[in-house]
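Please examine the sequence and the structure displayed below.

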Amino acid sequence: MTDPTSRPWRDLTDPRRAEATDRLEAGLKEPEFENLEIPEELGTVQVVIDDHKIKRYAFTHDDHSSWHLTGSPFEGKRIGHAALLGNDLVQLFTLVYAASQVVGYHTEEQMWFDSPAALDEVVTLHGTYTEAYRRRGEGYVVMEATATGEDGRSVVRHRGVEILKTTPGAIGGRGSALPERRVTGEVPKDARVVDTLGSDARAGDVLAPLHKTVTAEQAAVFSRVGEYVRNIHNDIDVARAGGLRVPIVQGQQQFGMLAQLLTLRSGPAFLTSGWLRVKFLAPLKVFEPFTSTGVITAVTPVDDGLRIDLEVWVRRDTDNRLITAGWAAVTVPAS
């Protein structure tokens with residue numbers, strides 16, 4: 001199924017592409033803060049969780065788990081990755097706004113994981129702009145969106161915050177989103193490192209880290225290069241026009257790495273009871289190695305097991321800078 005949110009980038013050096021963009025974007029609104037109507041329905045689309053979509057995501061995140069490629073604990077079916085639909089949800093705005101004019105900056109992402117999507121399932125996405133405000137001279141917009149399975153169940157729910165239109169090179173380096181409850185990314189040297197979040201989990205435990213590097217090819221594929229879209233994540237000329245030296249990794253792609261970490265440490269429970277909220281503090285350039293980890297802040301008995309709350313973060317390995325920070329929770333079996 002063709003993704004109806006796809007829009008080609010307006011390239012004025014190619015008249016044919018400019019004409020195609022004009023035709024597709026005719027009647028769409030310019031992505032300016034003044035054009036927002038709150039609340040504003042962004043529309044509904046359907047996406048097929050097909051083999052190509054799963055394998056493409058597996059490549060972009062270097063996440064080739066057997067759950068996605070052969071079979072999972074969920075009735076033996078192949079399933080999509082936890083954050084597989086994150087980028088599709090973020091892109092819902094292109095149903096109303098001209099994507100070729102957007103140079104935005106994602107500052108916060110939050111998702112609730114209710115159930116996995118199965119191979120070949122048709123998932124329905126719906127989004128709404130629910131809030132808009134100005135801060136430090138920038139116009140912010142809040143999107144709330146849902147992904148619903150064929151049987152009407154919730155797959156994931158999304159809430160994202162983005163600066164609608166800005167210069168990424170200027171905003172990205174100044175730490176545009178500061179957590180209200182500070183996540184320091186520091187842990188005691190004698191903290192216990194755990195590979196699995198189970199019934200013996202205790203506050204102060206540290207998640208065994210996940211070490212990654214996103215290549216330019218992975219960033220480009222994740223950021224829709226195959227749909228002939230050009231942006232600051234997949235094209236060096238566009239990145240430099242936005243004040244960046246090289247393309248940067250999309251915040252949603254970093255979010256997916258943290259979701260991968262939590263799935264690895266929590267098992268199937270994260271796909272049915274997980275929650276992850278992060279704020280993007282500084283940019284990550286392609287080919288920059290980074291490390292994702294987290295620390296347990298609380299373990300609470302609940303009716304269906306143990307609720308584990310965590311602080312999570314991403315650090316650049318090159319300078320040890322905290323670039324993404326947030327909070328997560330999952331309910332695991334009590335025994």
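Two strands are said to pair if DSSP finds at least two bridges between them. In this predicted model, strand 3 and strand 4 run antiparallel and are joined by 11 bridges. One of these links is found at glycine 127, whose bridge partner in strand 4 is alanine 145. The two strands form a hairpin with two residues between them, and in this hairpin arginine 136 takes a positive phi near 50°.

Strand 3, residues 122–135, also pairs with strand 1, residues 40–48; these strands run antiparallel, and eight bridges join them. Here glutamine 46 has threonine 124 of strand 3 as its bridge partner.

Attention may now turn to helix 2. This helix spans residues 51–61, and Lys53, Ile54, Tyr57, Ala58, Thr60 and His61 are buried in it. Why do these residues lie on the same side of helix 2? They cover an arc of only 165° around the axis, and therefore they share one side of the helix. The buried residues of helix 2 pack against several elements, including strand 1, helix 3, helix 4 and helix 8. After helix 2 comes aspartate 62, which has a positive phi, near 50°.

The next topic is empty space inside the model. Rolling a probe the size of a water molecule over the atoms shows where such space is left. The structure holds three cavities of 30 Å³ or more. The second largest cavity contains about 150 Å³ of space. Strand 4 (138–148) and strand 5 (154–163) are the elements that give two or more residues to its lining. Strand 5 provides the largest share, five residues. In total, 14 residues line the second largest cavity, and Val90, Tyr129, Val141, Met143 and Glu162 lie nearest its centre.

Is valine 161 buried or exposed? Valine 161 has a relative accessible area of 3%, and buried means under 20%, so valine 161 counts as buried. Among the residues that valine 161 touches, leaving aside those up to four places away in sequence, are His106, Tyr133, Tyr140 and Val142. Tyrosine 140 is 21 residues from valine 161 along the chain, yet their C-alpha atoms are separated by 6.8 Å.

How values were computed: Residues numbered from 1 in each chain as written. Predicted model: local features only at pLDDT ≥ 70, side-chain atom pairs only at ≥ 80, totals over all residues. Heavy atoms only, no water. 1 Å grid on protein atoms, 1.4 Å probe; cavity = no way out; pocket = protein on both sides within 12 Å on 5 of 7 lines; lining within 4 Å. Points joined across faces, edges and corners; volume = space filled by probe spheres on them. Helix = DSSP H or I, 4+ residues; strand = E, 2+ residues; numbered from the N terminus. Buried < 20%, exposed > 50% of the residue type's maximum accessible area, 1.4 Å probe, protein only. Contact = heavy atoms within 4.5 Å. Arc of directions from axis to C-beta.
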